[in-house]
Amino acid sequence: FSSPVPASLYSGFALVIFGEIIRLWAVSYAGGATRTRRVGAHKLVTTGPYARTRNPIYAGNIFIYFGFAWAADIWLPWFSLFVLGFFGLQYYLIILLEEEKLQEL
């Protein structure tokens with residue numbers, strides 16, 4: 001289903017790089033505790049990218065995913081809806097776990 005062209009490759013990889021920059025910026029504020037499978041933040045971060053969105057790492061991941069889809073020039077509407085639903089469910093379940101830690105902090 002892929003039909004990449006130079007324009008889609010360049011613009012798609014630009015989205016991937018943008019998403020990775022967001023992720024790196026977020027981790028620079030939140031620290032390494034965000035890189036584990038356990039919710040274990042030491043403090044509540046409300047500065048930097050966290051002042052603009054609840055979890056910029058999730059936003060970065062979504063930019064990265066769509067960047068790769070854009071680079072491959074795959075625009076199947078049902079596939080994009082499936083992926084948005086998957087991200088929504090995945091992050092909803094993670095956020096439920098994070099809520100406990102946020103209340104504690």
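Modeller: Before we talk helices, a word on naming: helices are DSSP runs of H or I with at least four residues, strands are runs of E with at least two, and both are numbered from the N terminus. This is a predicted model, where local features need pLDDT of at least 70 and side-chain atom pairs pLDDT 80 or more, while totals for chains, interfaces and linings use all residues. Residues are numbered from 1 along each chain as its sequence is written, and side-chain values use heavy atoms, leaving out hydrogens and water.

Colleague: Thanks! What makes Leu9, Tyr10, Phe13 and Phe68 a nonpolar surface patch?

Modeller: Patch residues have over 30% relative accessible area and no salt bridge; nonpolar side chains (Val, Leu, Ile, Met, Phe, Trp, Tyr) are joined within 5 Å, like charges within 9 Å. The areas come from the Shrake-Rupley method with a 1.4 Å probe, and for residues only the protein chains shown count as cover. These four make a patch of about 430 Å², and helix α1 (residues 6–30) gives the most to it, with 3 residues.

Colleague: Why is tyrosine 10 called exposed?

Modeller: Exposed means over 50% relative accessible area, buried under 20%, and partly exposed in between (1.4 Å probe, protein chains only). Tyrosine 10, in helix α1, has 64% relative accessibility, so it counts as exposed.

Colleague: How do you know that the pair of tyrosine 58 and tyrosine 91 is stacked?

Modeller: Rings of Phe, Tyr and Trp (its six-membered ring) pair if their centres lie within 6.5 Å; planes under 30 degrees apart are stacked, over 60 edge-to-face, the rest tilted. The structure holds 8 aromatic pairs. In this one, tyrosine 58 and tyrosine 91 are 4.0 Å apart, centre to centre, with 10° between the planes, hence stacked. Tyrosine 58 lies in helix α2 (residues 56–72) and tyrosine 91 in helix α3 (residues 77–104), so the pair ties together parts 33 residues apart in sequence.

Colleague: And what makes tyrosine 65 and phenylalanine 87 edge-to-face?

Modeller: Their planes are at 70°, with 5.9 Å centre to centre. Phenylalanine 87 has 11% relative accessibility, so it counts as buried.

Colleague: Why do arginine 54 and glutamate 99 count as a salt bridge?

Modeller: A salt bridge needs a side-chain nitrogen of Lys or Arg within 4 Å of a carboxyl oxygen of Asp or Glu. For arginine 54 and glutamate 99 the N to O distance is 2.3 Å, and they qualify. This pair links distant parts of the chain: arginine 54 sits in the loop between α1 and α2, glutamate 99 in helix α3, 45 residues apart.
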